[in-house]
Amino acid sequence: MTQSTQREQALTPLARSEPWDMLIIGGGITGAGIAREAARRGLAVLLIEQKDFAWGTSSRSSKMVHGGLRYIASGDYKTTLLSVRERERMLSEAGGLVNEMHYVMPHYKGKFPPPWIFNTLLRVYDRIAGKRYFKYFKKDAFLRLNPNIKQDKFLGASQFTDAITDDSRLVMRVLDEAIHDGAQAINYLKAESLITNEQGLVVGATLKDTASKDKDQTYKVHAKVVVSATGAWADTLRMQAREQTEQSFNKQIRPSRGSHLVVSQQRLPTSQAYTFLHPADKRAVFVYPWENRTVLGTTDLDHPPLNDEEVGITSAEVDYLLAATNSLFDDTDLNREDVISTWAGVRPLIADSGNGKRVSPSKEKRDHSVWLDNNLVTVSGGKLTTFRLIALDVLKKCQEVLDLDDSATQNQAINGDQVFSKVAPIHPKFATLPSDLQQRLQGFYGLQLDTLLELAHEEDLAYVTDSNTIWAEIRFAARFEQVIHLDDLLLRRTRLGLTLPHGAMTPLISARLKQICQQELGWNEQKWQQEVARYSELWQRYYHLPAA
């Protein structure tokens with residue numbers, strides 16, 4: 001099947017003549033979660049995304065599924081309570097995709113926080129979870145396990161537990177469950193404008209196919225309710241909806257950029273996450289293992305007004321993260337030459353101007369907000385961890401527009417009757433795989449795993465060099481997951497562009513990628529070269545190092 005044929009099939013839902021029950025604009029984790037919950041209630045749901053699924057913040061987070069320990073310290077107990085419960089739920093339901101990760105906070109004499117304060121917080125944290133995760137390591141015991149950490153004035157370290165995920169795969173996994181229950185999802189469809197009726201109520205949107213060579217190709221889609229789940233871009237459509245009735249509008253979204261560096265495990269080996277305060281501004285930063293690499297993050301800075309372009313790290317942020325890491329580890333001396341890749345995402349913070357003072361982005365609350373403006377439901381803010389709760393709040397707001405009884409489905413598992421890790425593949429190839437790969441693939445692909453294994457050639461079951469990804473995942477994504485561009489495949493369906501040198505475009509890997517894209521997408525030599533050039537320019541500009 002060629003890519004053009006795949007695209008034609010993807011666009012067929014747009015021929016629907018009757019209004020959809022719900023049109024969701026935004027294909028990140030929030031939009032996917034809403035589609036999941038709406039579809040399981042029997043609604044006719046269409047989700048669109050102007051770029052690729054998870055293109056925005058949902059592929060550029062810190063990958064952490066966490067309860068928000070710092071929210072307890074700031075007095076926001078409710079956010080921590082809800083987040084911890086959702087973390088535990090996802091660990092239970094999504095093994096292989098969401099996995100436990102130990103975090104340690106080293107303590108130094110005269111430095112904040114002292115062990116007794118931090119350990120008190122951890123005991124509260126564990127009480128909320130209903131589990132005992134907390135441990136305290138005395139100086140000598142910890143240094144035997146972590147000999148590279150700075151030892152001057154070192155007292156000991158506190159350990160707690162949160163979780164880690166592949167955020168982009170989480171989006172695809174939840175979307176797949178929504179589609180399984182009848183939702184439709186299409187990427188590279190931009191909501192150009194809202195459609196309103198004579199009363200000024202939003203009744204649909206005009207969509208533009210941004211993957212088409214025909215720049216004038218548009219579609220008019222009508223829906224009983226339109227949901228904007230566009231994250232940091234949420235103010236744009238809200239403004240359109242309110243302009244129809246000449247309502248005043250104050251922007252609510254405060255874009256905040258968080259950036260990360262990726263280095264090799266050889267340069268900085270880690271089997272657990274370290275959290276500590278940056279020596280310059282006392283913000284919490286992290287060093288943690290992810291996908292056989294070590295990640296340094298994150299920053300938290302106001303970001304300029306957004307457009308449709310990519311977001312990248314700045315030179316100052318590179319220096320900031322390297323300085324933080326080198327302050328914790330003796331003799332590590334990380335520098336720019338050690339950086340494999342970078343990524344930066346924009347958090348959609350809800351600006352809190354109630355006291356008339358502008359606080360730093362790090363001190364803004366991480367709550368989400370839901371608004372209803374002339375039949376347009378807008379949601380923004382919140383955390384990756386609580387995407388299911390955010391979706392439920394959106395559906396509750398939609399009840400003001402739709403006749404929707406969701407009392408029986410409030411607390412179902414994300415994927416219905418079976419948890420991710422309990423989906424049992426029947427394909428004989430599954431038994432030949434290592435146990436850790438079995439668990440990973442079950443979590444990543446769930447009900448689609450047998451399809452992936454059936455499609456896989458024998459050589460596709462091998463790992464792509466030293467990554468956690470096997471070639472079969474690339475082939476499956478190219479065939480079934482609406483891949484339009486090479487960056488869809490290397491930065492979101494898989495994370496090879498973030499974890500392998502040169503964005504994974506080394507000669508051996510590139511040759512195999514080319515073969516798969518020719519076989520599954522029908523790309524000829526000219527198309528392949530166009531995509532390589534496009535991807536290389538994008539990767540160099542936004543996923544590697546900026547000029548010093």
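I started with the largest cavity, and its volume came out at about 40 Å³. This is a predicted model, so I note that local features need pLDDT of at least 70, that side-chain atom pairs count only at pLDDT 80 or more, and that totals for chains, interfaces and linings use all residues. Residues are numbered from 1 along each chain as its sequence is written, and side-chain values use heavy atoms, with hydrogens and water left out.

My cut-offs: on a 1 Å grid over the protein atoms alone, a cavity is a set of points where a 1.4 Å probe fits but cannot get out. A pocket is an open set with protein on both sides within 12 Å along at least five of seven lines. Lining residues have an atom within 4 Å of a point. Grid points are joined across faces, edges and corners, and a volume is the space filled by probe spheres set on the points.

How many cavities of 30 Å³ or more does the whole structure hold? I found three. I then listed the lining of the largest cavity: W55, G56, T57, R60, W233, V311, G345 and V346. By class that lining has four nonpolar, three polar and one charged residues. Here Ala, Val, Leu, Ile, Met, Phe, Trp, Tyr, Cys and Pro count as nonpolar, Asp, Glu, Lys and Arg as charged, and the others, Gly among them, as polar.

Next I took the second largest pocket, at about 940 Å³. It has 34 lining residues, and the closest to its centre are T210, A211, S212, I484 and H485. Which elements give two or more residues to this lining? They are α1 (3-11), β9 (202-209) and α17 (525-542). Helices (H or I, at least four residues) and strands (E, at least two) are DSSP runs, numbered from the N terminus. α17 gives the most, with six residues. By class I logged nine nonpolar, eleven polar and 14 charged residues in the lining of this pocket.

**R7.** R7 lies in helix α1. Is R7 buried or exposed? R7 is buried, with a relative accessible area of 11%. Buried means under 20% relative accessible area, exposed over 50%, partly exposed in between (1.4 Å probe, protein chains only). I left aside its neighbours within four places in sequence and listed the contacts (heavy atoms within 4.5 Å). R7 touches I186, N187, Y188, L189, D209, A211, Q482 and I484. Two of these names, A211 and I484, I had already written down at the pocket centre.

**Helix α13.** I moved on to α13, residues 471-480, which is mostly covered. Eight of its ten residues are buried: W471, A472, E473, I474, R475, F476, A477 and A478. What covers them? The cover includes α1, α11 (435-445), α12 (449-455), α14 (486-493), α15 (496-499) and α16 (507-521). Just after α13, Q482 takes a positive phi of about 55°. Q482 is also one of the contacts of R7.

**Backbone exceptions.** Most residues other than glycine have a negative phi, and most peptide bonds are trans. I searched for departures.

- F112 and P113 are joined by a cis peptide bond, omega about 0°. P113 sits in the loop between β4 (98-108) and α5 (115-129).
- The bond from G297 to T298 is cis as well, with omega near 0°. T298 is in the loop between β14 (293-297) and β15 (301-302).
- K63 has a positive phi, near 70°. K63 is in the loop between β2 (45-48) and β3 (64-65), and K63 is buried at a relative accessible area of 0%.
- E291 has a positive phi of about 55°. E291 is in the loop between β13 (284-290) and β14. E291 is buried too, at 12%.

**Whole chain.** The chain has 17 helices and 18 strands. Its C-alpha atoms fill a box of roughly 70 × 60 × 50 Å along the principal axes. Buried residues make up 60% of the 548. Of the contacts with a separation of 6 or more, 72% come from residues 24 or more positions apart.
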